[in-house]
Amino acid sequence: MSESPYDIYGRNTWAEIDLAQLRVNINALSDLAGTKMLVIVKANAYGHGMVECARTAEECGVHMLGTATIGEALLLRENGIKTDILLVAAYAPDEIETIIKAGLHFPVWLEEHLTLIDHITKTLGIKAHAHLKIDSGMGRIGVFPEQSLRFARYLNDHDHIIFEGVYSHFHSADDDDLTTTKDQLEIFEACIKELEDHKIRPPLVHMANSPGLLRLAESRFDMVRSGKITYGEPHEGPCDMPSAIKPILQWKAKLVSIKTFPKDHPISYGAHYKTYEGEHIGIVPVGHADGWHRVPRGVNKVLLHGERVSVMGTVCMDQCMISIPPHIDAKIGDEIVLIGKQGKETITDKEIGEEWWGTNNYEVITNIPARVPRIYLR
Ligand SMILES: Cc1ncc(COP(=O)(O)O)c(C=O)c1O
C-alpha cells in the first residue's frame, strides 16, 4: 500500500484545503470590492474548516468575520481569533446576554431586542455592538423598511449601544434577472437616505453577498459580506469570477480493497447491482455519514487513475463500492478523488450537487462532516 501522510488521522479519506489559494481569493476579492471585507466563516467555513480559514482571513487583514451561531464565534475566540465577529443568523432573545458579554456584533430586528439590550447593557455596565438589520425582501430577519428610522434612532440615542452598522441581504442576486435585486437595493438605499436625513449614519452600511459583490458594484457600500466566493465556489447564476479565484477544497480517499467477483453477485444493501463475470469491485472508505449521498443507481462517480469510475450499489454509511474497469490496473492504496482533479479529469462539487444529487455545490461541501479530516496546505 502506498504511503500516505494522512494515515495519522486514522481514516483513509480527507479533504485538502488550500489556504494559500484562500489568501489569493481573499486578496482578489478585496481588490475587487475596494472596500472593507467581512468573510463569512459559518458552517465550518462552508465545510473548509472554520478556525484555519478564519485565521487566514485575519492574516489577510479582513475587517470582520461572520458566523451563524454564538458557538462558532466562541470557538474562534478560543482559538485566538481577535477580528470582530458579526452573527449573521437569527438568535433567540434569551441569547442576547451571552452575545453582548462576548463582545460580538449582532443584528437587531425585534422590539424585544431593544428592551433586552437596554436592560442588559445597563445592568452589566457593558456596551453592545448592534447592527440594524433591514428586511428589504428576504423575509427572514430584519425590520420592515418603515420601521428602520425608529429602530435606528433607538440604537443611535443610547450611550451603551454602539450603533455599528446597518445592513440588508439579497435573496436572488445570483439570478439571471437582477430586477428584484435592484429593487431590494433601492429599498435599502431609501432607508439609508432616510436615516442620513435625520443625521444618522453608522460606520458600516453593508449589503453585498458574493453575487452582489461580483455583479452590483453599487451594493458594496462600506463593507461586503463575502461567503461562498471566498472559497472559490461558483455561483448558481451567471456570475463571472475574477480569474485568480479558484476552489480551495479537494476531497480524496484511498482505495482500501479490491475483489474480483463472479457473474451476478449482488453488491450492497438492497442488492440493486449485480456484477458481471470477473468484475473488479473496489471499496472507497466514504459513505453517507461523510456526506456522500446514498444514491443506488451508479450515479456517483469518483476519479481513479485519472478516469471516472462509477459507484455501484447503494452507498453505505461509511463506504461505497466502485466498479473498476478491466483496463485500469488499480492497486489497494491508490488515490481516489471525489471532488477535485486527477490527471486530466475533474469532478466539481457543482457537478455533484446540480447534476447528480438535485441540490447545489454549497450543500455538498457544507455536509462533509468533521470526521473527514481537513488537511491544510499552506
Ligand atoms: C447575512 C448574510 N450575509 C452574507 C452571506 C454570504 O452569502 P454568500 O455565500 O452568497 O456570499 C450570508 C450567507 O448565508 C448571510 O446569511
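A residue is called buried if 20 or more other C-beta atoms, placed from the backbone, lie within 10 Å of its own, exposed if 12 or fewer do, and partly exposed in between. Helices (H or I, at least four residues) and strands (E, at least two) are DSSP runs, numbered from the N terminus. The structure is a predicted model, in which local features need pLDDT of at least 70 and side-chain atom pairs count only at pLDDT 80 or more, while totals for chains, interfaces and linings use all residues. Residues are numbered from 1 along each chain as its sequence is written.

**Exercise 1. Find which residues of helix H10 (residues 349-356) are buried, and what they pack against.**

Step 1. In helix H10, the buried residues are Asp349, Ile352 and Gly353. Seen down the axis of H10, these residues fall within an arc of 90°, taken over the directions from the helix axis to the C-beta atoms, so they line one face of the helix.

Step 2. Counting two residues as in contact if their C-beta atoms, placed from the backbone, lie within 7 Å, the buried residues of H10 pack against strand E18 (335-342), strand E19 (345-347) and helix H11 (361-366). Just after H10, Gly358 takes a positive phi of about 65°.

**Exercise 2. Carry out the analysis of buried residues and packing for helix H3 (residues 50-59).**

Step 1. The buried residues in H3 are Met50, Cys53, Ala54, Thr56 and Ala57. They fall within an arc of 160° when seen down the axis of H3, and so they line one face of the helix.

Step 2. Their packing partners are helix H1 (19-33), strand E2 (36-40), H2, strand E3 (64-67) and helix H4 (70-78). Just after H3, Gly61 takes a positive phi of about 85°.

**Exercise 3. Describe how strand E15 (residues 301-304) is joined to strand E16 (residues 307-312), and how E15 pairs with E18.**

Step 1. Two strands pair if DSSP finds at least two bridges between them. E15 and E16 run antiparallel and are joined by 4 bridges, with Lys301 standing opposite Ser310 in E16.

Step 2. The hairpin of E15 and E16 has 2 residues between the strands, and in this hairpin His305 takes a positive phi near 50°.

Step 3. E15 also pairs with E18 in the antiparallel sense, over 2 bridges, and the bridge partner of Leu303 in E18 is Val337.

**Exercise 4. State how the protein is divided into domains, and which residues make up the contact between them.**

Step 1. By an automatic or database domain assignment, the protein is divided into domain 1 (34-231) and domain 2 (249-377). Their centres, taken over C-alpha atoms, are separated by 39 Å.

Step 2. Domain 1 gives 8 residues to the contact and domain 2 gives 7 residues. On the side of domain 1 that touches domain 2, the largest share, 3 residues, comes from helix H2 (residues 42-47).

Step 3. Ala, Val, Leu, Ile, Met, Phe, Trp, Tyr, Cys and Pro count as nonpolar, Asp, Glu, Lys and Arg as charged, and the others, Gly among them, as polar. By these classes, that side of domain 1 divides into 3 nonpolar, 3 polar and 2 charged residues.
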